[in-house]
Amino acid sequence: MRVNEKYSTLPAADRSVHIINICAIEDIGYLPSEGTLLNSLSVDPDAECKYGLYFRDGKRKVDHVLVYHHKRASGSRTLARRVQHSDAGLAARSARQDQPLPGKAGPVGAGEPEPPLDYHEDDKRFRRDEYEGNLMEAGLELERDEDTKIHGVGFVKIHAPWNVLCREAEFLKLKMPTKKLYHINETRGLLKKINSVLQKITDPIQPKVAEHRPQTTKRLSYPFSREKQHLFDLSDKDSFFDSKTRSTIVYEILKRTTCTKAKYSMGQGEGRKKDSALLSKRRKCGKYGITSLLANGVYSAAYPLHDGDYEGENVEFNDRKLLYEEWASYGVFYKYQPIDLVRKYFGEKIGLYFAWLGVYTQMLIPASVVGIIVFLYGWATVDENIPSMEMCDQRHNITMCPLCDKTCSYWKMSSACATARASHLFDNPATVFFSIFMALWAATFMEHWKRKQMRLNYRWDLTGFEEEEEAVKDHPRAEYEARVLEKSLRKESKSKEKRRHRPEEPANKWRQRVKTAMAGVKLTDKVKLTWKDRFPAYFTNLVSIIFMVAVTFAIVLGVIIYRISTAAALAMNSSPSVRSNIRVTVTATAVIINLVVIILLDEVYGCIARWLTKIEVPKTEKSFEERLIFKAFLLKFVNSYTPIFYVAFFKGRFVGRPGDYVYIFRSFRMEECAPGGCLMELCIQLSIIMLGKQLIQNNLFEIGIPKMKKFIRYLRLKRQSPSDHDEYVKKKQRYEVDYTLEPFAGLTPEYMEMIIQFGFVTLFVASFPLAPLFALLNNIIEIRLDAKKFITELRRPVAVRAKDIGIWYNILRGVGKLAVIINAFVISFTSDFIPRLVYLYMYSENGTMHGFVNHTLSSFNVSDFQNGTAPNDPLDLGYEVQICRYKDYREPPWSEHKYDISKDFWAVLAARLAFVIVFQNLVMFMSDFVDWVIPDIPKDISQQMHKEKLLMVELFMREEQGKQQLLDTWMEKDRKKAEPFSNHSPSPPAPPDSPDFPGGAL
């Protein structure tokens, strides 16, 4: 017996009846007996169907669920609304449409007054009827449940029988394991011993999952074909297609199946004619399926079910529970991820994300170790750093010019001793080495990921998979089809207007009707959205992005003004401790303001990027996703890094000089860097923004917001069903529990936060060597946090096949290349590395750094201050100041060209530019060399793929030989059967007059 036949509940002759409308039984005059009712209530039906994982018969598994909202009539009495559709094919469409749909109000009795029609709800119901009928025509089996614990919500459970699974697997070219087993080539000699030792060492950190164990054999995979079913192991048909594959197949049918009508499509009802908005809305259902129905509110959700509960005493063992214990628990943070099980449960696309996140986190370990060594080197050599020692030496008695006009007074350079010593922790020769190391690290990470990706493709049978084969990539989005339909309707109305003014020609009425009907079907066949249609959206995108970038710059400018004004205000404070810590106070508060603004704008920019992408109306989901990623990344990149770029490359560059300062709005003097440079401030800015963004946005938001939404849904449902709430909580079906979870919104937010973090790790790593360490600590938590969110907080996503991480790889490569350039400029222009080298080899008298601080300071005669800019209290230091110093390369006041830029400035600038060119080209060359040396495909994987091809050819050759031998055997048998007749001697021909001779004597 075939699998799809053993579930049949009706004889073949009666399969045209598909609906058992229990709620309408009473209306047509049939009342069940008490015995029938008691018998139906004596057995707990929920236990038989494993609380929603199976149909009511307990045999057919629920592969997908459609959810819709409905309005129950206030006076109707529902006996039981859990009813089922037949699993067989449909009869004629007209016979089906005459039947009332299950779980809805039946035909109204003749004696009862007809309730007032809600055209919106009636239209949705009719479209659901037609769509579900089309699903059954496609071979799916449906079962409806409106008697749920959630008020006003109905569920349609979908099951795909065996013949449908086979048909769709062949269409989708799904690779399935065959009966053929082969041994995987193992390493030999020294490598084998090393691998065995590593396996023993890493065994405690391996997850206790069967799929994660190293395998020595592998099944040969081949695209499924109904003609070659003998190649596959079909001994257990129920488990041949796992739940992930089954849900993918059903979702492909849901997308492909269309509904083409609505109840009022022919203009029934005067009220409907007036409701033109709803009329256009129901026509959006013409060329696409579930995406349109979800967008129009016909269904409120569509999702596959989780395998069961993940915690509890009497919970059956399932993949979800196993993932919760071995992957989503914080107690296993030190273990590897069970990537194969993640792929088995969620699909390849999500599996690749977590595999990439695992590789990235693993690669952060060596980067963190080297960063700690660089930091410790700076800590160990801080007391040997001559420039910081000179700055801290009280004997030098260097008097610095005021940091602001009027309120600020002269100050001693030795007061910045702590800042100078701290700067050496990050501004030392080791940071140059670390920048080169991180550039090579980024290139190695990309190559390592490509090799890991190829291993996963081989292990997951994706080696021959091309994304162009995926129908989802070419399937038009619902919004695109709606816009195309609107455009075609406008064209049609314009053509009608033109025909009105022309004299009508006599024509066959029937022919005209057929043409009109066919025009509606082919209305959108040749219509496409051109750049003219999208020009308003493109213009809106351009203006909006420019405006939002300008908003970001304006906010940074506002923070700059805050820093300047706050520094001036604190300088007037009478407390010496406050005045001595002005820089630290201003920097810390300004960075916190930047952090809050960045977090808020990130959320705003994410919503705006999605809106801008929607108004563009991309044709496919792939195009929509790529455009959304580009806009969101651009806006969030500018938002996150603009304050850091300002400190790194602009602060202290355009301040002017004493007596000729640059002012903002003619009131606020541009702020200067500390005598030790802006690198320390850059380090503070980078560390606070990075750590705060990871802690608040990535972790607290991901934990708090889903839990808050879940709690709000819980309160809302409790308010809707206040009675018997405890029973409501206990006996919810699986599809009801999953409906209360948060819908899956895609992987874009997950990738985005990691890419931004990757930028923090690589772009300004020269100023903050501990960035990889903090990223590593964050990612260890992030992996388990994301895992727990996918297992416990989100509905199960539809599995999507993918062989790579898509556009994110190109973004990573771009960030890696940009990091080389930015680090070159940070080392050259932000730090004092180049000025020190220039001084050491060009100006030092004894080949040491003694005198470097004095060399970098210029002199200013206080008598040259502009009117109104001199300090109000010139004797604040206790003596009168004649000459003050400021950091710049300018001629002294006693020079002929006083305060002009000196030759030393041009020498240092030339050295800085030369360093940028050499550093950039050297590191780029080394990165490309690493890219060239490391092959993208590991040698063993390449050999295994070649071996698979040979085995597949051998398998088919044997099959053909077997067929030929069988054919030869049959021919030999036929020949042997014919031999006895041919071996008898032939009888002499009969004479012409013999009766045996044809035509002879009669």
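1. The largest nonpolar core has 127 residues; such a core is a set of buried Ala, Val, Leu, Ile, Met, Phe, Trp, Tyr and Cys residues joined through side-chain atoms within 4.5 Å. Phe-346, Trp-356, Tyr-360, Trp-441, Phe-764 and Ile-805 have the most contacts inside this core. Helix H15 (residues 348–380) gives the most to it, with 15 residues. A second, separate core of 44 residues includes Leu-135, Met-136, Leu-234 and Leu-951.

2. The model is predicted: local features need pLDDT of at least 70 and side-chain atom pairs count only at pLDDT 80 or more, while totals for chains, interfaces and linings use all residues. Residues are numbered from 1 along each chain as its sequence is written, and side-chain values use heavy atoms, with hydrogens and water left out.

3. Leaving aside residues up to four places away in sequence, Phe-346 touches Lys-244, Leu-323, Trp-327, Phe-790, Ile-791, Pro-797 and Ala-799 (contact: heavy atoms within 4.5 Å).

4. In helix H6 (residues 162–172), the buried residues include Trp-162, Leu-165, Glu-168 and Leu-172 (buried: under 20% relative accessible area; exposed: over 50%; partly exposed: in between; 1.4 Å probe, protein chains only). Helices (H or I, at least four residues) and strands (E, at least two) are DSSP runs, numbered from the N terminus.

5. Most residues other than glycine have a negative phi. Lys-406, in the loop between strands S8 (399–400) and S9 (411–412), has a positive phi near 65°. Lys-406 is partly exposed, at 42% relative accessible area.

6. Asp-461 also has a positive phi, of about 60°. Asp-461 lies in the loop between helices H18 (429–459) and H19 (471–474) and counts as buried at 18% relative accessibility.
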